[in-house]
Amino acid sequence: MTSPGRETMLVVDDEEMVRRLAARILQGEGYHVMVAGGGEEAIRLLQRASQRIDLVVTDVAMPGIGGRQLGDTIFHCWPRVRVLFMSGFPAHRILEEGALDPASPFLQKPFTRDQLTRKVKGVLAIPPDQ
């Protein structure tokens, strides 16, 4: 594992403002951050990444390849990459609709700097093979 704060993140959200905010917060914590506007772009970045991506922070509901499908692809193709899901929809609604596995790490939008950084650090602390 890399040193704390040295990990590489990929922030995926179809809302530019959310991408920018999350990227700015994570960069302020010392992480290297890449951004993607959707699932298709995220997969291309993962395929072409010259450095290891440690964590993907992705919105659940996006046009095209949504967060759940992106997460499934990541778990299958890059099993050591961790995924943190986020959504503006309440967690109970996302779970009821089956858009997310109940065991998946989840962050409710809107989020604060502290909420994002705490959740990211918590997800990074979980060994990737779990």
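Biologist: How many strands does the open sheet have, and what is their order?

Modeller: Strands are DSSP runs of E, at least two residues, and helices are runs of H or I, at least four; both are numbered from the N terminus. Two strands pair if DSSP finds at least two bridges between them. Here five strands form an open sheet in the order β2-β1-β3-β4-β5, with parallel pairing. The edge strands, β2 (32-36) and β5 (106-108), each pair on one side only. This is a predicted model: local features need pLDDT of at least 70, side-chain atom pairs count only at pLDDT 80 or more, and totals for chains, interfaces and linings use all residues. Residues are numbered from 1 along each chain as its sequence is written, and side-chain values use heavy atoms, leaving out hydrogens and water.

Biologist: Which residues are bridge partners in β3?

Modeller: β3 and β1 (residues 8-12) pair in the parallel sense over four bridges. Met9 partners Leu55, and Val12 partners Thr58. With β4 (residues 82-87), β3 pairs in the parallel sense over five bridges. Val56 stands opposite Val83 there. The chain then crosses from β3 through α3 (residues 67-77) to β4, a right-handed β-α-β crossover. Right-handed means that, with the strands pointing away from the viewer, the path from the first strand over the helix to the second runs clockwise.

Biologist: Why is β3 described as largely enclosed?

Modeller: Buried means under 20% relative accessible area, exposed over 50%, partly exposed in between (1.4 Å probe, protein chains only). Five of the five β3 residues are buried, so the rest of the structure largely encloses the strand. Leu55, Val57 and Asp59 lie on one side, Val56 and Thr58 on the other.

Biologist: Where do the buried residues of α3 fall?

Modeller: An α-helix has 3.6 residues a turn, so residues three or four places apart point the same way. In α3, the buried residues are Gly67, Leu70, Gly71 and Ile74. They fall within an arc of 100° seen down the axis, so they line one face of the helix. That arc is taken over the directions from the helix axis to the C-beta atoms. Their cover includes β1, α2, β3 and β4; contact means heavy atoms within 4.5 Å.

Biologist: Is Asp54 buried or exposed?

Modeller: Asp54 sits in the loop between α2 (39-48) and β3 (55-59). At 4% relative accessibility, Asp54 counts as buried.
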